[in-house]
Amino acid sequence: MKLDEIFHKKKSRLSTLKSRRIATGANHKRILECSQCAAQAEREELEQNHWICKNCGAYFALDAQTRIEMVCDEGSFHEMNRMMATGNPLAFPDYEKKLKNLRKKNKTMDAFTCGIAKIEGIAVAIGVLDSHFLMGSMGTAVGEKIARLAEKAGKKNLPLVIFSASGGARMQEGLFSLMQMSKTAAAIHRFREDGGLFVSFLTHPTTGGVSASYASLGDIMLAEPDALIGFAGPRVIEQTIGRKLPEGFQRAEFLLEHGMIDDIVKREEIRTYLGRILKMYRKGKQS
Amino acid sequence: MSTKTILSPYETVQEARNPKRNGIAEYIGELFDDFVELHGDRLFRDDPSLVGGMASFHGKTVMVIGHRKGKNTKENIEYNFGMTSPEGYRKGIRLMKMAEKFGWPVITFVDTPGAYPGLEAESNGQSNAIAQSIACMSALKVPVISIITGEGNSGGALAIATADCVWMLEHAIYAILSPEGFASIMWKDASRAPEACEIMKITAKELKEFGLIDDIIPEGDKGMKQLDAMIGKALKRLEKNTPEQLALNRYEKFRNLDGRCWSL
Ligand SMILES: [Zn+2]
């Protein structure tokens, strides 16, 4: 028997998704197509199935709100710093226009949504990077929100859970973005040194300046199945080494095998999995 | 090259990559009275693209860490063109912790096209190594000075540049990634690198104006003399702080470095 089968894995309750939430897979379409196998499915059907393709099992990318509702206890999420918006420090051409359109489309000011919530009854500080907003890239607003979330978690003595999905540091903010790696890594490091628990949950894809900063600093590192996780993108590596990468390279299963993450958790089991960790953590603190 | 020459951002990149520029070997030779190289990460191997060791700065013991590029093809292959692997960053972390234990200041020299994007580097946890290095450096309870001497590209540079003082040589660059990589991501066309250099704002002058670096060092012999004086002065100033205050000040520095360019 595998160790992780000793304890029966309960399926998570299906979260009730509220009508106000924004569309996963974007565009509010009623019929959505799987990016892997092109099978079509109705929105309601996908919601019921945790946004997993019934045909091929591929995971749809989740927007922040859907992720939060899937993981947190219903109605428990209180958002922080919702209106924080990045500037345009390099005066990068068309950046402001791009941001304006994305804010309208995604109904968020930037790629990171965070706040205080409960998971299986336990209060946590939680943050989600959303790949629908400029590839979930980390600019100054994202970095600032992550640092504030870590500081809040420290002050309130809460465990911190962050779901990442990101192409890395945000190009349009240049070195200002690179500096967010230091800012977030320092804030998370400090939180952990002061006794805080950081659960870093990596989802598809987590690369570049995000995987090489706060996201790799979890006390517990988790990932969704098949998520691409790495520093350099596969194309850059192939160009560097001059050959094709082996099947499964940089995928969650590869990272587990190489000792880089603690476990892979299926989407439908995330809530109960986190609940078990958090309960044991809290018990361990009390005793 | 005269220090008076005003270079365009793209010309600056070319100069920053010039193999004739001073590298880690020259800086160690010019600035320190003694240096003992320390090898290996104690986990897997020694990465020659990142040099580290104990050094004597005017009789004062410090830890020196820096990227190493070659002066010719043979050397470049040996040092992997200054592209560091996880083992290199882990050696760096080991040496920084050692410096902290004995109260030695840490001085780093940054010159890399970026962290190595290779098969083994990924398998061995490149992201993890860089993240750990940044985190470790951000909380060190000894003075930390970083000097960007040539190319300071991406997380591979930042991994050893979370410092109390971040200085740049006049013709060095400091960037989110190489201009070629930037052009290829933004426009799917690496040949637009010269254009990328203008937009990216990667020169010492521009970054000083943003407040992202603390000072600019002139090129040539004059710069080396000035650097020597600057290190002496900075160490004197930093060592007035308690170890805890040093770490806190560095945290606050990077916490506020972006000058609140976001709004709430
Ligand atoms: Zn499918």
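Angles between axes are classed as follows: under 35 degrees counts as roughly parallel, over 145 as roughly antiparallel, 65 to 115 as roughly perpendicular, and the rest as oblique. The axes themselves are lines fitted to C-alpha atoms, for helices over the stretch in contact, with angles running from 0 to 180 degrees between N-to-C directions; helices (H or I, at least four residues) and strands (E, at least two) are DSSP runs, numbered from the N terminus.

This is a predicted model, in which local features need pLDDT of at least 70 and side-chain atom pairs count only at pLDDT 80 or more, while totals for chains, interfaces and linings use all residues. Residues are numbered from 1 along each chain as its sequence is written, chains are lettered from A and ligands numbered from 1 in the order in which they are written, and side-chain values use heavy atoms, with hydrogens and water left out.

In chain A, the axes of helix H2 (residues 64–71) and helix H9 (residues 270–286) come within 8 Å and cross at roughly 60 degrees, and H2(A) and H9(A) are therefore oblique to each other. In contact terms (heavy atoms within 4.5 Å), Arg67(A), Glu69(A), Met70(A) and Val71(A) of H2(A) meet Ile270(A), Arg271(A) and Leu274(A) of H9(A). Sorted by class, this contact has four nonpolar, no polar and three charged residues, where Ala, Val, Leu, Ile, Met, Phe, Trp, Tyr, Cys and Pro count as nonpolar, Asp, Glu, Lys and Arg as charged, and the others, Gly among them, as polar.

As for confidence, pLDDT is the predictor's confidence in each residue, from 0 to 100. Chain A averages 92, with 92% of its residues scoring at least 70, although over residues 11–23 of chain A the pLDDT is below 50, a stretch that has 39 contacts in the model beyond near neighbours in sequence. Chain B averages a pLDDT of 96, with 98% of the residues at 70 or above, and the predictor gives the complex an ipTM of 0.97 and a pTM of 0.95.

An automatic or database domain assignment divides chain A into domain 1 (1–60) and domain 2 (62–286), whose centres, taken over C-alpha atoms, are separated by 20 Å.

Two backbone details remain to be noted. A cis peptide bond, with omega about -15 degrees, joins His204(A) and Pro205(A), and Pro205(A) lies in strand E7 (residues 198–206) of chain A. Asp226(A), a residue other than glycine, has a positive phi near 65 degrees and lies in the loop between strand E8 (220–223) and helix H7 (234–241) of chain A.
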